[in-house]
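Here is a short briefing to read alongside the sequence and the model. Take a moment to look around before going on to the notes below.

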Amino acid sequence: MSYTEVPGARVPIRMWTDPATVEDVAMQQLRNVSTLPWIKGLAVMPDVHFGKGATVGSVIAMQGAVCPAAVGVDIGCGMSAVRTSLTANDLPGDLSRLRSKIEEAIPVGFSMHDDPVDPRRLHGLPTAGWDDFWGRFDGVAEAVKFRQGRALKQMGSLGGGNHFIEFCLDETGAVWLMLHSGSRNIGKELAEYHIGEARKLSHNQNLVDRDLAVFVADTPQMAAYRHDLFWAQEYARHNREIMMALFKDVVRKEFKKAKPMFEQTISCHHNYVSEERYEGMDLLVTRKGAIRAGGGEYGIIPGSMGTGSYIVRGLGNEDSFNSASHGAGRRMSRNQAKKRFSERDLAEQTRGVECRKDRGVVDEIPAAYKPIEQVMDQQRDLVEVVAKLKQVVCVKG
């Protein structure tokens, strides 16, 4: 489908879904965003839903300003995937050992590595710029610096919530490795600190929604936020790179006879800010629950833990600011899912997938998410499908 244009206060709201299906609270968030003095465009993805501070599935283009709540607290959260030389024929009948080995190699939930991972000891992982990256930690907000030790040990760990590691098959039977994570606790700490700082600024006192407080260009506060934002986005990328290297090591050991090889990794953020140019204007484009989908650019759009995911190639649609959805998108809150569904429901909806099926992950049950096929159908003018993946192993925090 092409987009539907909904009137906004300063700019129209371009929606790649039926506006009538969007929650009232999410629609109000979008209307609030459209009132910001700095806004130049607002695009809404088909996985849109209400979010803390700002709407998930929104792409906000502003000139000379950025809203930290519109990035979200998991700065740089995103996806990585790689196609391997393995096929379905290489898989054992029982995949529980593989799941256990992945969980042993990569800490999940609140767990972290006992000692920081040394990237120089990981097979094939580029380490150029690693020392410079950590050297720039000296420039982050003083209020967060005491978290460095934890940040070092969490590098290469999954986290909880909707983060996952998956062993997948595409429609040809090829094996793919895929994972979803972000900047862990250090990104959250930096985000919450800067959201608080933005709310104090005088130019934000009369906004229709204080959650939409912004930093403006050429101010010390903006400079400080940009430094920490881009550092945290880089942390998230490194985090996924290290996890993928650890994941590959598990696969090499478990499939030693098959001598697995790996193609180039596809990686994309879906909670981040990017400097981009549209209609002759230099803009700060915030994607919260959206990926960049420039012409020919590869991306990853996951479904739920029982439905599968898509590898896509962007079509470069500037109406969406070269963006597409980041996943299926929730259709009910975590609390609603826990009240409505049981462990038995979870086991039924994840049949054929080696994964946790206990009460602790019922909030991630597939029925809590929108149908991924519907989401993909609504953005046919944003991306083209390269591969459809179905998980056979899913590791959750």
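Which residue takes a positive phi in the hairpin of E14 and E15? In this predicted model, the residue is Gly 308, with a phi near 110°. From that hairpin, the notes move on to the nonpolar cores and then to the salt bridges.

**The E14–E15 hairpin**

- Strands E14 (residues 298–302) and E15 (residues 309–314) run antiparallel and are joined by 5 bridges.
- Between the two strands of the hairpin lie 6 residues.
- Pro 302 has Ser 309 of E15 standing opposite.
- Strand E14 is largely enclosed by the rest of the structure, because 4 of its 5 residues are buried.

**Nonpolar cores**

- In soluble globular proteins, nonpolar side chains tend to be buried together.
- Here, the largest nonpolar core comprises 57 residues, and Ile 102, Trp 134, Phe 167, Trp 231 and Phe 247 have the most contacts inside it.
- Elements that each supply at least two residues of this core include helix H2 (96–105), strand E7 (164–170), helix H5 (184–200) and strand E18 (383–396).
- The most is given by H6, with 14 residues.
- Setting aside neighbours within four places in sequence, Ile 102 is in contact with Ile 165, Phe 247, Val 250, Val 393 and Val 395.

**Salt bridges**

- The whole structure holds 33 salt bridges.
- Within helix H2, Glu 103 and Arg 99 are 4 residues apart, so about one helical turn separates them; their side chains meet in a salt bridge at 3.0 Å, N to O.
- Another salt bridge brings together the side chains of Arg 199 and Asp 211 (3.1 Å, N to O).
- That pair links distant parts of the chain, 12 residues apart: Arg 199 belongs to helix H5, and Asp 211 lies in the loop between H5 and strand E9 (215–216).
- Arg 199 is partly exposed at 30% relative accessible area, and Asp 211 also counts as partly exposed, at 31%.
- Glu 297 pairs with Arg 292 in a salt bridge whose closest N and O atoms are 3.0 Å apart.
- Glu 297 is partly exposed, with 31% relative accessible area, and Arg 292 is partly exposed at 26%.
- A network of salt bridges links Asp 132, Arg 136, Glu 234, Arg 237 and Glu 241.

Key: Residues numbered from 1 in each chain as written. Predicted model: local features only at pLDDT ≥ 70, side-chain atom pairs only at ≥ 80, totals over all residues. Heavy atoms only, no water. Core = buried A, V, L, I, M, F, W, Y, C linked by side-chain atoms within 4.5 Å. Buried < 20%, exposed > 50% of the residue type's maximum accessible area, 1.4 Å probe, protein only. Contact = heavy atoms within 4.5 Å. Pairing = 2+ DSSP bridges. Salt bridge = Lys/Arg side-chain N within 4 Å of Asp/Glu carboxyl O.
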